[in-house]
There are 2 protein chains.
Amino acid sequence: MSKELPEWEKAREEFVVQWGSLGTQWGIPRTMAQIHALLMTAPEPMCTDDVMERLEISRGNAHTNLKDLVGWNLVRIITKKGDRKEYFEAEKDVWKIFITISKERKRREIEPAMQLLRDCAARTKDEGAGPGREFHQQMQDLDEFLSFGVKVADTVISMKHASALQWAMRLLG
Amino acid sequence: MSKELPEWEKAREEFVVQWGSLGTQWGIPRTMAQIHALLMTAPEPMCTDDVMERLEISRGNAHTNLKDLVGWNLVRIITKKGDRKEYFEAEKDVWKIFITISKERKRREIEPAMQLLRDCAARTKDEGAGPGREFHQQMQDLDEFLSFGVKVADTVISMKHASALQWAMRLLG
DNA sequence: TCACACTTTCATTAAAAACTGAAAATACCG
DNA sequence: CGGTATTTTCAGTTTTTAATGAAAGTGTGA
C-alpha cells in the first residue's frame, strides 16, 4: 500500500505533521503550516498535485493555502519551460524567513493594533484627572511601547544577517 | 435600557471589542483577549460577575478565561477582607506585560518547536550527501536560529525596562 | 453541621474556521 | 477559433473551537 520511505523522509513526515500542530498555536491554519514545512524541506519545487498527494488534501485546500503562502512572501512561484504547471518553492534561508514573517506580522497585526490605540487615546485626550485620564495614559503607554518595538524591528529587518549577529553578540557578551 | 456611559467608557468599550478581534489573529481566543483588555483598563479589580455583565457572557466562559489569564500570569487574584469573592486585576505596566508574554510564549511555543527540530536533526545526523543531508542541515539551521533568538530574549527578559531602553537606543542611534 | 456564597466542572449547543469537490474561469497551443 | 491543461472560486459540509447553563463542589461562618 504505502511505499517504503527513506529514513530522512520519515523524519520529514514527522516534521510536517508536528509543525502543523505547532502552527495552530500561533494562529496559523494547520494546512498552511504543513505546506510551509513541506516546501521548506523540499529538494525540488512542488506543484499543486504533489502537495495534494503528499498531504492527502483537496485541490481547493492546497490551492488556497499555497496562494496564501505566496501572499506572505514565504513561497514563490516557479515556472518550468515546456510545462505549464506552476511550481512552488519556499524560502529556505532562516534569516530571510524571519525578516519576512516580521514584516508581515507588523503590517497585519501590529499596525492595526497601533491604529486602535491611537484612536482610543485621541478620543480621551481631554480627560481630566480620574479614570478617564488613566485610560488615556494606558492607551498611550501601549502605543509608545509598540512604536518603539516597531522601530527596533525595522532596524533589525534592515540589517544583514551578519551585522545582526554581531550586534546581538555584543548584547549577550 | 443601556445606561449612559461617559466618553472614556465608550472608548474603552471600543478598545475591548477591537482588541478581541485582534487577539484572534494572534491565536488568542476572542473572549480571553476582551477580558484582558477590560482588566487592563479597569480602575478597580473586577469580580466574575462584573466581567459577565460587562461583556454579556456566561459564568462558565468568564470563569475559564479569567483563570486562563491567571495561568498566563497576566492577571492576579485579589481578595478583599470581609468579602469572599475573588477579584481580578491585570498587570498594567507595559514592560512587565511584554516580559510575561515573552516568557510564556517561549515556554509554550518555542521550546516544543525546538524539541521537534532536534528530534528531526538527530534522526538524520548520519545522512550522507543528498536530500537527507540537506534536510538535516535545514533542521539544524532552524534550531540554531531559534536557540539564538531564545538567548537574546532571555537577556532582554532579565533586564530592567530602563536598561533595555538604553540598550535599544544605542541600536537605533 | 447546616445554609449560604461562591467557584469549578462539564455535557450540550452554538459559532467559527477549515476543507471538499465540482463547476467556472483562464491560459496556452495547434 | 476549439480543445485541453491548469487555476480559481465557492456553496455546502465537516471539523474544531468556544460558549452556555445548570449541576456539583468547596469552603466559611453562624
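Is Cys120(B) buried or exposed? At 1% relative accessibility, Cys120(B) counts as buried (buried means under 20% relative accessible area, exposed over 50%, and partly exposed in between, using a 1.4 Å probe and protein chains only). Cys120(A) is buried too, with a relative accessibility of 1%.

Before we go on, some ground rules. This is a predicted model, where local features need pLDDT of at least 70 and side-chain atom pairs count only at pLDDT 80 or more, while totals for chains, interfaces and linings use all residues. Residues are numbered from 1 along each chain as its sequence is written, chains are lettered from A and ligands numbered from 1 in the order in which they are written, and side-chain values use heavy atoms, with hydrogens and water left out.

Back to cysteines for a moment. A disulfide is a covalent bond between the sulfur atoms of two cysteines. Here the test is a pair of cysteine sulfur atoms within 2.5 Å, and over all chains the structure holds zero of them.

Now for the charged side chains. Those of opposite charge can pair when their charged atoms come close. The pairing counted here is the salt bridge: a side-chain nitrogen of Lys or Arg within 4 Å of a carboxyl oxygen of Asp or Glu. How many salt bridges does a search of the whole structure find? Over all chains, there are 28. Here are some of them:

| Pair | Closest N and O atoms |
|---|---|
| Glu7(A) and Arg123(B) | 3.5 Å |
| Lys106(B) and Asp154(B) | 2.5 Å |

Let's take them in turn. (Helices are DSSP runs of H or I with at least four residues, numbered from the N terminus.) Both ends are partly exposed: Glu7(A) has a relative accessible area of 35%, and Arg123(B) has 37%.

Next, Glu9(A) and Arg54(A) stay within chain A. Glu9(A) sits in helix H1 and Arg54(A) in helix H3 (residues 48–55), so their bridge ties together parts that are 45 residues apart in sequence. Glu9(A) is buried at 11%, whereas Arg54(A) is partly exposed at 24%.

Over in chain B, Lys106(B) in helix H5 links up with Asp154(B) in helix H6 (residues 131–157), 48 residues apart. Lys106(B) is buried, at 17% relative accessible area, while Asp154(B) is partly exposed, at 32%. Finally, back in chain A, salt bridges that share partners join Glu9(A), Arg12(A), Glu13(A) and Arg54(A) into one network.

Technical notes. Helices (H or I, at least four residues) and strands (E, at least two) are DSSP runs, numbered from the N terminus.
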